[in-house]
Amino acid sequence: MALGLATAGAIGLLATTPAVGNPRHQSTVRIRSGDQHGSGVIVKQSDGGYWVITNSHVLSNVELHCLESSDKAVYPSVKVPLDNTLEKNNADLALLWFKATVQQEHVATLAEPEETSDAIDLVIATGYPARGDYVERPGLTVPLLSEALEGGYDLTYTSDIDKGMSGGGVFDSHDRLVGINATHQEPLWRTSRQYKSGHQVSETMNQKLDQVAIGLDIQQVLELLKSAEQQIEAPMINENTDNNCSSASEE
Amino acid sequence: MNTPQKRFASVAACSLMGAGAFIGIDSLVPKPINAAGASSFYCGQASGAPATLAKTASGKSVPVIRWTSSTFNSAGWDQGKRCQVVSARFEQYRKQGTLQYLTTGRMNGQAVICTATSKGGACEGLLYTLKPGQNPTKTLADLLDVRTKAKGPLNETTTRLYLKMSDVINAKSGITPSPATTEALW
């Protein structure tokens with residue numbers, strides 16, 4: 001508890017932020033994609049719609065991905081097509097787009113790359129566990145990697161991540177998005193990991209990585225957004241697309 | 001999950017945080033490290049169905065496979081029995097250290113998920129048999145995703161969200177359907 005007490009003062013500002021009007025909560029959405037469940041963060045508003053960042057591994061091979069905002073509004077969304085160079089980059093990130101309505105949604109403030117550091121920083125991971133409501137999980141960044149892992153994973157931190165929080169946000173103490181969740185600590189069974197370069201992670205490093213959540217740094221989110229903006233005008237939902245956010249028939 | 005008990009304990013222990021505290025500060029406290037670094041496996045229940053569960057070093061129970069198919073019932077392998085036997089195999093292979101080399105193969109003419117003794121090695125230890133028509137490569141990829149990726153597929157019987165696309169295209173206001181009573185799988 002000593003560590004908890006020591007850091008309690010440092011996060012006092014965050015702890016007193018009410019849940020209503022909490023920008024972290026407001027920009028984090030629940031995602032249902034086929035039989036998959038995950039989270040995402042609203043990162044941009046443009047052309048009558050909003051852009052949501054999440055992990056590729058959250059998305060099933062379906063045309064429509066259903067989003068649910070913090071105030072329970074439901075939006076069908078489409079995956080933003082990206083060109084081959086981005087696909088080759090192989091980062092575990094995907095962009096979704098949904099059409100804006102009268103209801104305003106909150107766009108997360110993105111940290112500038114120079115605002116992130118290699119120091120041990122306080123962070124708050126957000127998301128929707130598959131079996132529960134929205135959660136926030138404080139933790140510390142623990143810089144372990146000098147090279148990204150397969151999937152582009154390069155952000156290591158101590159927040160307790162549950163199944164369903166993939167694609168959720170990692171925010172700093174100023175409510176700026178500094179990364180995206182992807183994997184939880186304590187793999188359910190052991191295996192080896194690879195760096196993006198294809199090299200094998202050493203056993204010693206692998207054991208350290210078993211103890212932390214691993215995600216993607218904001219830098220990669222910004223790069224993806226920049227490339228997407230250059231090649232894409234507003235993605236549009238085709239009205240002829242299977243017309244609801246459910247496989248079940250309605251009414 | 002941030003349980004009410006956990007939150008209460010956090011607030012009680014860290015009175016400095018004040019009445020507005022809703023963040024579980026205790027997640028900042030390092031958890032004891034399990035030198036073995038792996039969960040144990042057992043058959044239990046998840047969302048009302050038999051499920052192979054992993055108990056993590058920090059005490060979480062995480063569903064790995066939820067046994068809902070009745071495909072093998074006629075062969076004497078109902079959901080409960082498959083759960084018991086496959087969970088025991090998971091635990092056995094974990095102890096043997098062969099879970100890290102999962103692969104696909106065929107046994108008795110059926111597609112299976114199995115263990116190998118080395119990377120790229122031959123299919124040796126049966127983990128479980130796939131349903132006819134089930135894609136082995138995708139099933140294995142999904143299973144490997146379960147190991148560490150923080151996603152969860154939904155329960156087959158989940159109440160889905162109902163929404164017409166035309167309502168969205170022509171939306172005059174935000175659509176707020178009744179809250180989903182989703183009981184998710186992972």
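The model is predicted, so local features need pLDDT of at least 70 and side-chain atom pairs count only at pLDDT 80 or more, while totals for chains, interfaces and linings use all residues. Residues are numbered from 1 along each chain as its sequence is written, and chains are lettered from A and ligands numbered from 1 in the order in which they are written.

Chain A is assigned domain 1 (23-108 + 225-231) and domain 2 (109-221); such bounds come from an automatic or database domain assignment. The centres of domain 1 of chain A and domain 2 of chain A, taken over C-alpha atoms, are separated by 19 Å. Domain 1 of chain A and domain 2 of chain A each bring 25 residues to their contact, where two residues count as in contact if their C-beta atoms, placed from the backbone, lie within 7 Å.

On the side of domain 1 of chain A that touches domain 2 of chain A, at least two residues come from each of helix H3 (23-27), strand E1 (28-33), strand E2 (36-46) and strand E3 (49-54) of chain A. Helices (H or I, at least four residues) and strands (E, at least two) are DSSP runs, numbered from the N terminus. E2(A) gives the largest share of this side, 6 residues.

In general, strands of a sheet pair through backbone hydrogen bonds, either parallel or antiparallel. E1(B) is joined to strand E2 (residues 49-55) of chain B by 7 bridges, and Gln45(B) stands opposite Pro50(B) in E2(B).

Two loop residues of chain A complete the tour. Asp175(A), in the loop between strand E11 (169-171) and strand E12 (176-183) of chain A, has a positive phi of about 65° although it is not a glycine. Glu186(A), in the loop between E12 and helix H5 (203-209) of chain A, is likewise not a glycine and has a positive phi of about 55°.

Are these residues buried or partly exposed? A residue is buried if 20 or more other C-beta atoms lie within 10 Å of its own, exposed if 12 or fewer, and partly exposed in between, with C-beta atoms placed from the backbone. Asp175(A) is partly exposed because 18 other C-beta atoms lie within 10 Å, whereas Glu186(A) is buried because 23 do.

Notes. Pairing = 2+ DSSP bridges.
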